[in-house]
Amino acid sequence: MSFLTALKQSLILGCRRLVSRKVYFALMVFVPVGFTFFFVDLLHEGLPLRAPVAVVDLDDSSLSRRVIRNLGASELVDITHRASSYAEGLELVKSGEVYGFFVVPRDFMQKAVGGRETSLSFYSDLAFFVPGTLTYKGFMSTAVTTSGGLVKTTLTGSGLLDDRAAGVMLQPMVVDTHLIHNPWTNYSYYLSNSFIPGMFALVIFLITCFSVTTEIKQGTSPRWLAAAGGNIYIATFGTLAPQTVIFTILGWAMQAVFYRICDFPLHCPAMHMLSAWFLMVVACQAFALFVSGVFCNMRLALSTLSLLGILAFSVTGFSFPVPQMYPSVGVFSYIYPVRWYFLIYIDQALNGIPIYYSRFYYIFLILFTLLPLASLWKLRRHCLQPVYLP
Amino acid sequence: MFAWFRSVYLVCRREFRLVFTDMGVILFFLFLPTVYPIIYTLIYNPEVVRETPVAVVDNSRTAASRQLARSIDALPSARVAGYASSLSEAREWCASHDCYAVIEIPRDYDRRIGRSEQAVVSFYCDASLLLRYRALLLDLTQLQIAVDGDLRQQAIDIIGAPAYAAMGSSSTVGTNPVFIGDPSQGFASFVIPGILMLILQQSLILGITMLAGGRAERRRANGGIDPLGVAAPAAAAITGRLLCYLLIYLPMVIYDVLWIPNMFALPDSGSFIDYMLFLLPLLVSSCMLGMTLEVFVTERETSMLVIVFTSVVFLFLTGLTWPMYSITGFWRVLASLVPATWGIQGFVRLLSDGASLAAVASPYTHMWLLAALYALSAWLLQRYTNKSYNFYKSYKTYKNL
């Protein structure tokens, strides 16, 4: 059989397989598209503003009410409860009604105006990290401006300094913060750009493994191999190439949604991200093919890929930086193609630095393609005599 | 009635045999709840972001600016990677990942402070990971407050007696921030209690649907009859299976809530009895959900295709990463149908905030409601597909003829 006939037969077989079962459509199209929609829609606000909080006003003076009005004006928090004591505030946190509470102590106004020591306490529930941090920020800025305003009033009131000089004295040095390319601290920028490709990678793992090992399970692998003229490389290419096309097109559509519709930062030529996506799809398929070849058993290979694929969301450092992990744990992040894609995204789309700095990421993605060479010979042997082990 | 209990017992016994002769299910039921919490905690166990390399562009080159750079170096979250001669050099360092943030001290930093004008220090941070930014920002805010306090004190000292009289002390109103739930601000302490809930739910569903896939395969191979099936009424069948899964998960749950927080010094401020009582409806509703989702699984291995990806969806739907109050509309409805949502909302507060079971009554009752809902759906499903039982009944009729 000529090479071209074998290739053609394998490709036709691969396409037929894709439409033969519902699970392919469900997992290859419905899940990634649905997840992209879910994620982009869920995070469309960018930042979960207006966290419910409680205030405990033990002073109930005109000053304490002003402080609380200032707090209520913050976009980060929403005062939903008024508690009468610290214990009551804590109970509200424990029952999940609020994510933090702000305490104005007894005799606050009297002490503050009289120049005696007093302090504003605020409690943020970090058991839920994002709302806890945001309530902390909202509380902190209110407390600091209150404290500063009082000092300023004292200073100008004493006649020593005018308004401007008192303002400077309050904050002689300020740190002007610039979060580069994401000044709104939009969570969607970095969560969508990591978790949605991560989901794609997981689905590619599962589908690649399933579509190859199902031939062994169903006992159709000798025919599958025969259609490719006995060449396992042509056979797997025929099965996987149609999937590569689908995943690549869907991924590009996802990128179009990100960078055109949602206006996520894209500071590089579009080609850099498009090519990175294609390379990642192929690298993920190669990785899954390698694992399938190592086990040659559908359940074992799928379990391994599921367990590894789910860990990818943690170990590749989407939220916790890899350099901070234990080196012996962090090193595993580099076995995932999606890690390299994520690094390319940071360098290219987000930071827009010259592609020279990302060259190795692309090279590593390409190197993944060589992985199946190490195990396909074994897969071929099992395909010739398919034995299904549950 | 006795016959009913006997069939519960028989179903349970058979289910035990099916579980422990199936390596795939053993992997999900025993390996996942024991090893995964350890792997996850190991990943996040460094807890906080420390010593992020920062480049300093010191255009001032004075004692005051060097003092500021030293203070930045002393922050727990930052480490001065070096002095860059200009912003463009610092950008190059960022590009080659030698630093993730840049501090630019202006040329007139010391002069402005000396003239009692405001000095503005610019802080540029890489936006790739917000955890890094959060750590640096919180520390720099504290640094700014401390430096401002020092400078103010110096200025007051220069004015002397009149200022002392006016001010009393330099700052009359202090700020006292307190973190509760996760006082160390650690990432593992935040995420692992929630992940434990997800692991329990997902491993149960994976194992149950894989068993169901095996059942479906056996039925297909034997003309609609499962040779390993036990003839039992639908309610007895799901009760028996539930009993088997609960018994298997009892040691897993004890290990997960007693040992895992202990091993890694995670928050653990509730009582063990509360944990166990709280987790009972989580397990029951997850089992019932698993027995309902069986309908989508026709092959042992497709259980993984159908279930695995939902873990990622649930990670965001359950209010762990993205807060519940920002999940609205359809997604909120979907989230409230997932047992782990309520599991996380309640268990995290039990474990981290030291809440009592009474304080988390709302998630607790919701989980029982879900258990009832899914028990109903599982029962209906079981009645619909209970072919072997119907066969058994017809067999009895046949014998009596």
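Start with the aromatic rings: over all chains of this predicted model, the structure holds 52 aromatic pairs. Rings of Phe, Tyr and Trp (its six-membered ring) pair here if their centres lie within 6.5 Å, with planes under 30 degrees apart counted as stacked, over 60 as edge-to-face and the rest as tilted. Select F122(A) and F139(A): their ring centres are 5.8 Å apart and the planes sit at 55 degrees, so this pair is tilted. Colour by secondary structure and you'll find F122(A) in strand β4 of chain A and F139(A) in helix α6 of chain A, so the pair ties together parts that are 17 residues apart in sequence. Helices (H or I, at least four residues) and strands (E, at least two) are DSSP runs, numbered from the N terminus.

Some housekeeping before moving on: residues are numbered from 1 along each chain as its sequence is written, and chains are lettered from A and ligands numbered from 1 in the order in which they are written. Local features need pLDDT of at least 70 and side-chain atom pairs 80 or more, while totals for chains, interfaces and linings use all residues; side-chain values use heavy atoms, with hydrogens and water left out.

Zoom in on S119(A), which stands opposite G174(B) in β5(B).

Now show the whole contact (heavy atoms within 4.5 Å): 117 residues come from chain A and 116 residues from chain B. The two chains bury about 10400 Å² between them, 69% of it on carbon and sulfur atoms; that's accessible area (1.4 Å probe) lost on putting the two parts together, summed over both.

Next, go for the charges. Which residue of chain B forms a salt bridge with R21(A)? Pick E299(B): the closest N and O atoms are 2.8 Å apart, where a salt bridge needs a side-chain nitrogen of Lys or Arg within 4 Å of a carboxyl oxygen of Asp or Glu. R21(A) lies in the loop between α1 (3-20) and α2 (22-42) of chain A, and E299(B) in the loop between α10 (272-293) and α11 (302-307) of chain B, so the pair joins two chains. Between chains A and B there are four salt bridges.

Last stop: helix α6 (residues 129-157) of chain A, which gives 14 residues, the largest share of the side that touches chain B.

Key
Pairing = 2+ DSSP bridges.
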